[in-house]
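Please keep the sequence and the structure at hand while reading.

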Amino acid sequence: MTASDAGPTMVLVLAVAVLVGCGVILLLERSLTRILLGVILLGNGVNLLILLGGRSGGAPVVGTGPVDEMSDPLPQAMVLTAIVITFGFTAFLLAVAYRSWYLTGDDEVPDDLEDRQIIRRAGRNEAGAVDHGGEGPNGDPEQVDPEPARRRLRRGRGDGPR
Amino acid sequence: MSRLLPLPVVVPLLGAALTLLLATRPRVQRAVSVLCLTVTFTVAVVLLVQAYRHGPVVLAIGGWPPPVGIVLVADQLAALMLVVSSAVTLCVLLYSIGQGRSETSESAPVVIFHPTYLVLTAGVTNAFLAGDLFNLFVGFEILLAASFVLITLGGTETRIRTGSTYVVVSILSSMIFLAAVGLVYAATGTLNLAQLAQRLDDLPDNVRLALQLMLLLAFAIKAAVFPLSAWLPDSYPTAPAPVTAVFAGLLTKVGVYAIIRTETLLFPGGQVDGLLMVVAGLTMVVGILGAVAQSDMKRLFSFTLVSHIGYMIFGVALSTAAGLAGAIFYVVHHITIQTTLFLVAGLVEERAGSTDLRRLGGLARMAPLLGVLFFVPAMNLAGVPPFSGFLGKLGLLQAGVAAGGALPATLVAAGTLTSLLTLYVASRVWNIAFWRAPRIAATEPAVRLPTLMVGATVALVAFGLTLTVLAGPLFDVTADAATDLLSRTPYVRAVLPGGTP
């Protein structure tokens, strides 16, 4: 554990910081292409961070040198897996961005439906009216006149999911 | 017995490969998928019995001894989750097969559905069985990659729009998780959960807290805990009904499982219990208020899903055996019920052509069985006695009262309020969609629902009722699991029988 006492070099730590920082800023954008670039930068930053978690040293191959001076092979194995996963996600996000551009002519992530509805309603200063449609004694003819209800009941039985 | 342990992961993965090869022969493809998930379910039941009787089942993959190699561990919590998740995935698979056969369905599953679905199952089981933080990460990534494909199935404009939100948020949470894994390794030099349990205890308190918060942040995004839950109601409802159902049932619960695991095994002592309680309360109340305002069944159920995650987090935050037992019971109950409700929403869509409450009405008269299928799980979710939802909430609230203090008392009040509002929401859907006079959308020519879809939903409703009937024995198992989790030694001793290396 002698080599790890010094810790990772400052340059690498700064590289992680810059990569993650730029990645986060790009993630905040609206366009999927920029988000994609952000994901790539962020992923590389995190992968580098994992690599820094292990001890540095010589090649971790048995027989090439004393075990104490070898680098830690485990983060390297993990980072390989992580790189593959980041790569796969990047490819998928690229496909989504392309599909979005193909369908809408733009790869911008729009506001969701709910937000737009709320903005529209707030603009017209009205409340949601789901529950009021056809409710109340006058809205429901069967509450006034029970006769049709029974007929419907009998007819309705046949087409239930049985 | 421990040789069975990799099967829940390996069988679905092999099945995925096979179904991909059999893409041109849909009948064989369906048979293979059903067979794989049946095997997974059987193995899961065997593992649960084994874990309950003889303690955690452990297998070192490739014969590498634990701290070096990867271990799979099925303790009672993992095995119980495995049983419920495989039962639910099997039912949803049958439902999707039924939907694929129905002629009216516009969103019939495509060829890629079966392989992806099996990969998703493998990811979920891998996450439950992982005895290693990195393997847990890999399990998450497997299920996420599969879920990306499923949520954008067909690549329509709406699904791409909502899917892109889901994909970006999931990738971000994975990055946070991965960074946390890297930092945990840097701080302790190991990722084996059993060994971490010991090494993390020796770390300085603030380092430990930072690691804990980072892992919690990653899992809370996946579990959709309140301030990090906004992505869920936007992305889930647009996917095909079986996909939404299985996502709602399982994916968030994998996050909750990871929270339970890390909070009990890695970071006991309850340093962040106060924080967890606050977010649990907010998750419950804000989530259910969101549901009250919704006019679409699927979106509404997405909000109740978020809301009820709060109950589980509340149970974890109590960090007492009773609270944890209640939380585990609630996870089991909620996986089943929430999945059932989304399947029913799918049936409603199939029957009436829409899940929009403004266009529905009179379903109870036109399709009485559908009415029953909705009513039972909806009342169960709301916590009406004697259903399992009531028992789970009762267990949690009792644990909260027993814990004493102002914060747990507030949480008990919030939990009761949430339960009442859930009842309001459920009866509102019932009144509008099922009880009132038929609306325009419902008067379309009657469609015969495929028997398999209805059958799978009936099976899940029955499974939910079984949870109610067997609540006593089930509570025994969860209480036992909770005690084991809190004492930590059964898990650690099972993985590292020779003590700490």
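How are α12(B) and α17(B) oriented to each other, roughly parallel or roughly antiparallel? The model is a predicted one, and in it the axes of helix α12 (residues 297-318) of chain B and α17(B) come within 11 Å and cross at roughly 160°. Because angles over 145 degrees count as roughly antiparallel, α12(B) and α17(B) are roughly antiparallel to each other.

**Helix pairs in chain B**

The crossing of α12(B) over α17(B) is left-handed. On the side of α12(B), the residues that take part are M297(B), L300(B), T304(B), S307(B), H308(B), Y311(B), F314(B) and L318(B), and they meet a set in α17(B) that includes P408(B), L411(B), V412(B), G415(B) and R428(B). Sorted by class, the residues of this contact of α12(B) with α17(B) comprise 10 nonpolar, seven polar and one charged.

Helix α17(B), which spans residues 406-435, also packs with helix α16 (residues 388-403) of chain B, at an angle of about 160° and with the axes 8 Å apart. The two helices α16(B) and α17(B) are therefore roughly antiparallel to each other, and their crossing is left-handed. From α16(B) the contact draws on K393(B), L397(B), G400(B), V401(B) and A403(B), while α17(B) supplies P408(B), V412(B), T416(B) and S419(B). This contact of α16(B) with α17(B) consists of five nonpolar, three polar and one charged residues. P408(B), V412(B) and S419(B) of α17(B) take part in the contact with α16(B), and P408(B), V412(B) and S419(B) also meet α12(B).

Elsewhere in chain B, helix α4 (residues 113-129) packs with helix α5 (residues 133-151) at an angle of about 155°, and their axes are 8 Å apart. It follows that α4(B) and α5(B) are roughly antiparallel to each other, and α4(B) passes α5(B) in a left-handed crossing. Among the residues that meet are F113(B), Y117(B), L120(B) and V124(B) in α4(B) and L136(B), I142(B), L143(B) and L150(B) in α5(B). The contact of α4(B) with α5(B) has 13 nonpolar, six polar and no charged residues.

| Helix pair | Angle | Axis separation |
|---|---|---|
| α16(B) and α17(B) | about 160° | 8 Å |
| α4(B) and α5(B) | about 155° | 8 Å |
| α12(B) and α17(B) | roughly 160° | within 11 Å |

**Backbone details in loops**

Two positions in chain B deserve a look at the backbone. The peptide bond that joins P385(B) and P386(B) is cis, with omega about 5°, and P386(B) is found in the loop between α15 (368-382) and α16 of chain B. A224(B), which is not a glycine, has a positive phi of about 60°, and A224(B) lies in the loop between α8 (205-223) and α9 (231-235) of chain B.

**Contact between the chains**

How many residues of chain B are in contact with chain A? There are 54 residues of chain B in contact with 50 residues of chain A. The size of an interface is often given as the accessible area lost when the parts come together. Between chain B and chain A the buried area is about 4300 Å², and carbon and sulfur atoms give 69% of that area. The count of salt bridges between chain B and chain A is zero.

Notes
Residues numbered from 1 in each chain as written. Chains lettered and ligands numbered in written order. Predicted model: local features only at pLDDT ≥ 70, side-chain atom pairs only at ≥ 80, totals over all residues. Heavy atoms only, no water. Axes fitted to C-alpha atoms, helices over the stretch in contact; angles between N-to-C directions. Helix = DSSP H or I, 4+ residues; strand = E, 2+ residues; numbered from the N terminus. Parallel < 35°, antiparallel > 145°, perpendicular 65-115°, else oblique. Left-handed = near helix turned anticlockwise from the far one by under 90°. Contact = heavy atoms within 4.5 Å. Nonpolar A, V, L, I, M, F, W, Y, C, P; charged D, E, K, R; others polar. Buried area = accessible area lost by both parts, 1.4 Å probe. Salt bridge = Lys/Arg side-chain N within 4 Å of Asp/Glu carboxyl O.
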